[in-house]
Amino acid sequence: MTDIPDELVKLERSAEAERARLAGLCGDEYDAQWQAWRRASEAFQAAVTEQSAREGMSRHDVEQAVKQAVWRTEEDPAQ
């Protein structure tokens with residue numbers, strides 16, 4: 001995969017940002033934030049599935065290409 005669509009990068013960053021917001025939460029706040037993370041993650045996964053079908057690539061390869069692109073440009077927001 002040579003060109004990674006910006007939308008996939010944005011969706012992965014959004015999911016990771018929602019995951020990072022879980023730190024330090026508990027109870028109802030944690031549950032609500034977990035749901036936000038789940039929604040963001042599901043949106044990313046659906047976009048990966050669509051992109052893999054368009055590219056004729058495996059989902060895993062598309063997902064890893066996006067994650068590598070994100071990891072190269074920013075640090076883990078949970079740290």
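**Exercise 1. Find which residues Q33 touches, leaving out those up to four places away in sequence.**

Solution. Step one: select Q33 and set aside its neighbours up to four places away in sequence; what remains in touch is E18, R21, L22 and L25. Keep in mind as you go that the model is predicted.

Step two: look for a polar partner in that list. The side chains of Q33 and E18 are joined by a polar contact of 2.6 Å.

Step three: place Q33 in the fold. Q33 belongs to helix 2.

**Exercise 2. Decide why Q33 counts as buried or exposed.**

Solution. Step one: recall the cut-off, which is under 20% relative accessible area for a buried residue.

Step two: compare. Q33 has 13% relative accessibility, so Q33 counts as buried.

Among the 79 residues of the chain, 30% are buried.

**Exercise 3. Describe helix 2: its span, its buried residues and what they pack against.**

Solution. Step one: take the ends. Helix 2 runs over 27-55, and its 29 residues reach 42 Å from first C-alpha to last, close to the 42 Å expected at 1.5 Å a residue.

Step two: list the buried positions. They are Q33, A36, A40, F44, A47, V48, Q51 and S52.

Step three: think about spacing along a helix. An α-helix has 3.6 residues a turn, so residues three or four places apart point the same way.

Step four: look across from these positions. The buried residues of helix 2 pack against helix 1 and helix 3.

**Exercise 4. Identify which residues form the largest nonpolar core, and which elements give two or more residues to it.**

Solution. Step one: collect the members. The 9 residues are L8, V9, L11, F44, A47, V48, V62, V66 and V70.

Step two: assign them. Helix 1 (6-20), helix 2 (27-55) and helix 3 (59-73) each give two or more residues to this core.

Step three: zoom in on one member. Beyond residues up to four places away in sequence, L11 touches A43, F44 and A47.

In soluble globular proteins, nonpolar side chains tend to be buried together.

Terms used: Residues are numbered from 1 along each chain as its sequence is written. This is a predicted model: local features need pLDDT of at least 70, side-chain atom pairs count only at pLDDT 80 or more; totals for chains, interfaces and linings use all residues. Side-chain values use heavy atoms; hydrogens and water are left out. A nonpolar core is a set of buried Ala, Val, Leu, Ile, Met, Phe, Trp, Tyr and Cys residues joined through side-chain atoms within 4.5 Å. Buried means under 20% relative accessible area, exposed over 50%, partly exposed in between (1.4 Å probe, protein chains only). Helices (H or I, at least four residues) and strands (E, at least two) are DSSP runs, numbered from the N terminus. Contact means heavy atoms within 4.5 Å. A polar contact is a pair of N or O atoms within 3.5 Å; within protein, one must be able to donate a hydrogen and the other to accept it, and residues adjacent in sequence count only if both atoms are side-chain atoms. The expected span of a helix is 1.5 Å times one less than its number of residues.
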